[in-house]
Structures are given as C-alpha cells and as structure tokens.
Amino acid sequence: MQIRNLKVAFRTYGGRVQALDLHRLDVRPGEILGLVGETGSGKSMTALSILRLLDRKAEVQSGEIIFQGEDLLKKTEVEMRTIRGRRITMVFQDPMSSLNPVFPVGEPLVRIIAAHEKVSFRAARQRAIDMLALVRLPSPEKVLSAYPHELSGGMRQRVMIAMALSSNPDLLLADEPTTALDVTIQAQILRLIEELRAHINASIVFITHNLGVVARIADRVAVMYAGDVVEIGSTADIFRNPGHPYTALLLQAIPRLGQKRGTLPVIEGTVPVVTHPQPGCYFYPRCPVRIERCRVERPEAKDLGDGHWVACWKQDGRLPPDNSEGNGEV
Amino acid sequence: MPPLLEVRGLKKYFPVRRTWWGGATSWLHAVDGVDLRIDAPGTTLGIAGESGCGKTTLGRVILRLLPATAGEIYFEGRDILKLNYQALRAVRRDMQIVFQDPYSALDPRITVRDIVAEPLRTHLHLGGRELDDQVAALLAEVGLDASHIYRFPHEFSGGQRQRVVIARALALHPKFLVLDEPTSALDVSVQAQILNLLKDLQARLGLSYLLISHDLSVVEHMADEVAVMYLGQIVERGPAAEILSHPWHPYAQALLSAVPVPDPGQRGREIVLEGNVPSAVDPPTGCRFYSRCPVRRPVCREKAPVLADGGGGHWVACHLAGHGT
Amino acid sequence: MSVMDISSGQRRARLAALRYDLYLLRKNVLSMAGLVVVVLLVLAAAVAPVLAPYPADAGTQVHMSQQLLPPSWAHLFGTDEMGRDIFSRVLYGARISLGIGVFTIGLALLIGVPLGLVAGYAGGVVDEVIMRVTDVFLSFPPLLLATAVSAMLGPSLVNAMIAIAIAWWPWYTRLIRGQAVSLRERGFVEAARATGVSHLTIVFRHILPNAVAPVIVQASMDFGSVILEAASLSFLGLGAQPPEPEWGLMVSLGRNFFLTDWWYVTFPGLAILITVLGFNLLGDGLREILDPKTREV
C-alpha cells in the first residue's frame, strides 16, 4: 500500500484544522509497520482515512491511497464495503466498545466467516472456533457463546484479533490495540501477534504512542508529527540512529528502566494544532537544531540509506552530542 | 521523630452483592492488609501494580477520601482515621493529591484562578489582591504564565492542565502529595516535563510523594522506595534500585520483564504470565498469585505467604523467596 | 494585578463564553425559531395592555350585542359568547400562561433540585429514601395526580399550579441526582474534598453548576408541557375560573361552539400549540449548546 500527499482537514467551530498532510507512507507486504506519534499527530486519522471511515466533519482534500494498485479514495461506498472488514481489517483500542454487548462475541465472528467464505453457519462456526483457538483462547467453544462483559480485556482483544484475521485480510490496521491493557496482558498480546505472523500473510500497521511497544513488535517504524511522517526506517535504525531531532528527543524523554537520570531531557512546548498550514517545518518552534531554512521551507524526505527516510533540512538532523547524554548510560 | 506517614494493616473492602435489606454478601478486597511507611521527608514511595491491584484505592483511603475498613494511618504520628471533621480539615492542608486525568480533575465551569484559589479561600480566607498574588506565584511555580489566570480548563492542553492540578495541590504548602498516575494520560514529550517539574518541586520544597503508577519506568525514575502490589496486597517492597534490578517475587519479575523497552535489541526477554488477574472479590486463602505463578508449589495454594524482610530492607511475600527463578 | 483587572478579566472570559453560546444558537434555524416564538410571547405578555384593542374584555366586561362575531378587522380573532374580543383575551392569556410556566417550573425546581443534589451527593440511606419518595410520585400519571391534588385544594389557578408542581418535581430530582452521582466521582470534587472544602460549598460551587445543564434543557421543554397541563386542568374546570382569559379555559368554553363558531376554540388552541412548540424547539437548541460534546472546539 502506498499513500501519497494525503491531506485531510477537519471542520470545527474554531475553523479548519489540518489533521493530515501526509506526503509519503508505504506499507510493504507482510511487514509490521509501527506508526508512532503523540496525540493529534494524525496516526489514527491515517488508519481511518485508509478505511474511509472518517466522520462527516473531516474532509479528504487531496492525495491518493493506493492499495493493491487501486486508489481507495476513488472507490464508491459500495466498493469500499467489499474491502473493509475483508481485505483491510481493523482492531481498535477499546474492544469493549467495538463489541456489541447484547450479542455473544462469536456472533459477528461466525457471520463474517459465513459471509466471507460463503459457507454454512455450521461450517463457519467450526472455523470460528479454530480462529479463537488460533489466538490462544482457552476453551474456544465457550468463548464463542460468551457475552463481551464476561470476558477480560485481554480476552476481548484476542477475540477482536481473531475477528480481524478471520477474513484472511491483506492489511490489518491495529489502532493502539494494547494501550487499554495491563503490561502483563500487553506482553501476552504482543507475543501472540508475533506468533501469528507465521500463519497470516497480512501486513500489519501497528499504531501506538508507546515507543517500547513499537521496538518490541515492528519491523519498520514511521514517526508522525503534526499530520506528516517525519521519519521512517527499520526499527533498529530508528531506535539506534534516529535521524530526526523529534525522534531523537522523544527517545530521550522517556524514562527507561535501568537508566536512572536526574532530569529528563524535554521537548519544550506542546504538539501543535495546525489551523493555518505553514510553509516551514511543523517542528520548527520546538526544535533545538533549527536553522532559518526550516521556518520558511517544508523539509523534503531524504534517504539516508537502507530505506531510512528523514524529513529534516539539517544534514541528518542529529542532535549535538551534549544533548544526547544519558541515552546509553546505565 | 515519627515517620511522616505510616500505614498499618490497612484494609478497604467494597460491598459487591447486597441482600435486599442492604447487607453485603460478598466483598471486593481492594486493599487487603497493607503496611507501608515513608520515613524521611523529601522522598518518594512508588506503588507499582496493574489495574485492579488496589493501588488507586490505597491512595484514596490514605487521604480519607474513602473510609477505611480496618487499619491505622499515622501522619506525623497521629492516626488520621481517628480524627474528627475539624482536625481532619487541618491535616488536609498537609496532604494533597494529583490525579491521573487532568481533564476531569478541573471544574470546567470556573477559571484557573478560582480553581487554584479554592484551597487558599477555604483555609486562609484570603481575598482580593493577596489572593491574586498567591495564585500568580503558584502558577509561576509550576511553569504557567500569569496571563493564563482567567482561562477556563478547556483552553489548556493536557500537560498544562496537569500543571494547574499541581498548582492547586501546592497551594497550602503541603508536606505530602499522593500522585495518582500523574502522567499516564499525557503524551510522552509532555510526560517528561511533568516528571521533571515534580522532581524539581520535591527538591525545592521538600515534598514527600506517594507515587501510584502502572508504569515501572516512571516509578523507577521517581521513587526512592518501591512497593509492588498484586490483588490488594504488597508482594514486595524495598529500595527502588534494588527492587527494580533484582526483584524476588515472581510477579514482580514478570511485571518488570513485561515493560516494553524502547530498544529493539531487548526483544523477547519478557516472562509471559498465563491467564488474567483473578477477581478481588472473595480472593483465595493461599497466595493470591498462585493461579498465574510460573513457579508455584503446592504450599502456595494452602498458605498465604507473609511479607518478610529478606535482608537490606528488601521485603518479599513469597514462600520461594531467595530460591525462586 | 489589580482588582479592576481581575473583574474585567473574569467578565471578558464570561462574555466570550456567552458570545459562543449565541453563535451556536444562531447556527440552528429551528431553535432560533423557538427563541423567536418565546421572545414574541414574552413581548406580547409585556405589552398586552397597549396591544390589545379591548383591554377590558380580558376581565368581566361583556358586550351582549357582539356575541360570537367572526374574525374581522375590528375583532381579529372574532368574539366569544359574551361578545368579548378573543384577540385581546389571547394576548392577556399569554401573561397567564407565562406566569403558570414560571411559577410552576420554579416551584418544581425549588423542590426537585435540592433534593436531587442531596440524594446524589450524599448517597446511601438519604439517597434511598429520597428516590423511593420520587418513585411514589412518579407512579401516578402526572395529569391524574395533578387533577387529584387540584380537586383536593379546590379549583383555582394557583391551586392548579401547585398541583402541577407537586406532580412535576420528581423528574428534576431524578435528573439532577444522576448528574450529581457521576460528578461526585470526578477529580475536581475529590480534590475539593481533599482540600477540606465543606460539603455545602462543594454541592453549590462544583456540583450544581455542572449538573444544571440538562435540567435547564428539561425545564425549558417542560414550560410548554406545564402550560398545556394547566390548560388541561382549566379545561376540566379545575384550574382557572371564568372569566379569566386562560387559553385552556377558553378552549374548554369554546368547544360548545366548535361546529358553528370555529374561531372561538381555534385561536386559543393555536396559541397553546405555538407556545408549546416554541419552548420545545428552544429546549432542543439549548441541549445542543449545553452539551459538552458540541462545545469542544
């Protein structure tokens, strides 16, 4: 899948807000792409744009989303319905609100399978049980007829994953799938996703604000800021050798186990809300290594090698060494 | 001198099912026999644990925002559970709370000035210019501009709101703050700002913190002592550096290992526990971690382990302590 | 910063908020229509003596020579069986109807809101007792209850209003209790408690202002219903007594002439319809304004 120059704006009472101004994002077949960013960076908006599930206040202004050679933005609503939930599926942060409380959790699962594979409900039921077993749910027959409130958060999220995989999709969008879960449950789910990779051939876009989770699960990482991807590269490159000052600062600002530091380096200010698109770099006001050019001209993404792209005017955007102390110290 | 805060045998049960005349038939053991203490002023005790372990309830009970079921809470040597309304009001000047969600922690209908002024009005009966000077000073203390004084909470970002919450908590110059997940609703880049602010305030004002958090990295960054909670009980406590580098309790080990570290080189080191946290309603008599414990023994089901000093102030509640994994 | 700055700063903040409210109201055509109706009604009530061609007709005046005249330029809405100008009577009726609304809703709020606040904030036994009392009141159909109370107190407009308020307050109690219960758990209430702020201050400073929005919406919608209910009681002979120009009473008296003199029931009936509709539309608009979800910018 490829996204090019995608612009999405929101109409609010305060005026128009530029939610997305995404220049370039590619998802490779079979990979797990971690999409990280803070609140308002546009990471969830990207997923909703792909599925064309933006609400009425949002408007796609331009761009294209090429999925298997076809532009999703040119599809009719009817065509989208054959893609949504089949070729592209989604797992949300809060499984409780995405499951209908008055139906057993197996009900939608069986229906999806029956519709997708055009088999009888009996056969679909068996497949559904297999799917629940695949996501390591104990006694899948029982889970199939359980109501959402009877399951724990972790189990519900497993059901959601089973549902998302049941149509054998080509792309799975996971929007903060572990954020609402406890750490030990999150560890279970992350391990599950890792184990499932062998069984499925879908690409996974894993959206999260948690850099630790991304480091744990992703093959490649895209860092979003103010509606655009500012850096993309292999997980190792992003974490070991960040090219954008925002990525580097973000990595330094998290407290890490086993690295007690007196004060944490901070990124001054807050994530901007873009009401008036500016010519320069959106990180300019908070950037410690900014130059004059950053204010007036939007940086283009440059390849630093091995598919590591950085959108920064500074040669490679690295921070001066005095700012990166504490990064490797124990 | 008595310790700043000492909690002994604290219990908080919530009624779950009631008979029709109002008697409870089963109880949720949210906090079930907790002992802890903060000795020196200016230090931080971190309470780590997952949702439902009772850490938030513990903070509320210590501030008497919830009535305790049993136990004693000594603040500077006085059992605050025995205080009457007037005496409690006086103690409340010294104990304050910072909430997890800065969105619900601020009354949306009053300005920041009135929010921060409320404690000053209540206890010092300040008004007019004196009040405004104090409010401006407090806002400056937490890094907010005095020009923000007439704004309403919705005009602020999450980080700024949390600063307002902190300013309100500091208004009466308390000695002790309960920090209930102070950064978990905030973005990563803002979290660092707030953590730095809290540390800075602690150093300057000699504040003691009870830091409640599910995020072990935050606990490690902030705390001098750590207590790990599971199902209403403390399973391990001691100096932060010690607990978070060499945990003894199998739950603490699993919890620590499950924290995702932003370093792709550390993949797959986590101990994945089976199953889910059991319900705290009518918990089992043996070790509460029994059902998920990777190293359980028959004795663990029958007898509940007690928290015992394993040397060097490192306390652990496990039958296998010392010869565990 | 001087005291002057403070009050003006506060005022500026409030003004900005108010302007925003009006902006939201303006955006919604229907609620604007509701507002216009209500404003017109208030105006009509205020200037009735000036506007009404025959002010005395609202009282005991009779003109036996002008019985049941159809609408004309002299009598826009025609005349009734006593020869009174219906237009003048409808205008004066607006005063009565508004009075009924204000008095009845006010009384119901006065009983209902404090009880709801106490029930929701205190919880426990207090809550249980108050809520069971509201259950008892709510188990009667409101009109039946009002009729019974009205019959007990004796037929008069004031008694009808008291009767309606007695049937009405439990709704407000329920509504505000639900709000108070959820607000009690909010951080700012806990923070106030942790600071040692008194319960009374918490209830009136933090809970009430945040809980009142849906009550305002409900009350504005109820305005219409209450006027309708008072009209019903008058229609049944339990409310306003002749010759008061109360709309419901006029409809009641006019129904005998419905087949021959259509204007007699039609105009007071229309007045009731438009008034109820106006308050409902306004209430809908207010709901949108006061809903925090539409407020977030």
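**Close-up views of a predicted two-chain model**

**View 1. The contact between chain B and chain A.** In this predicted model, 35 residues of chain B are in contact with 38 residues of chain A (C-beta atoms, placed from the backbone, within 7 Å). Helices H6 (188–205), H7 (216–222), H8 (240–245) and H9 (250–258) of chain B each supply at least two residues of the side that touches chain A; helices (H or I, at least four residues) and strands (E, at least two) are DSSP runs, numbered from the N terminus. H6(B) gives the largest share, eight residues.

**View 2. Helix H4 of chain B.** Asp132(B), Val135(B), Leu138(B) and Leu139(B) are the buried residues of H4(B) (20 or more other C-beta atoms within 10 Å of the residue's own, the C-beta atoms being placed from the backbone; exposed, 12 or fewer; partly exposed in between). They fall within an arc of 125° seen down the axis, so they line one face of the helix (the arc is that of directions from the helix axis to the C-beta atoms). The face turned away carries the exposed residues Arg129(B), Glu130(B) and Ala140(B). Just after H4(B), Gly143(B) has a positive phi of about 80°.

**View 3. The open sheet of chain A.** Four strands take the order S2-S1-S4-S5 (chain A) with antiparallel pairing (at least two DSSP bridges between two strands). Strand S1 (residues 2–12) of chain A pairs with S2(A) over ten bridges, and Lys7(A) stands opposite Asp21(A) in S2(A).

**Notes.** Residues are numbered from 1 along each chain as its sequence is written, and chains are lettered from A in the order in which they are written. Local features need pLDDT of at least 70, side-chain atom pairs count only at pLDDT 80 or more, and totals for chains, interfaces and linings use all residues.

Technical notes
Two residues are in contact if their C-beta atoms, placed from the backbone, lie within 7 Å.
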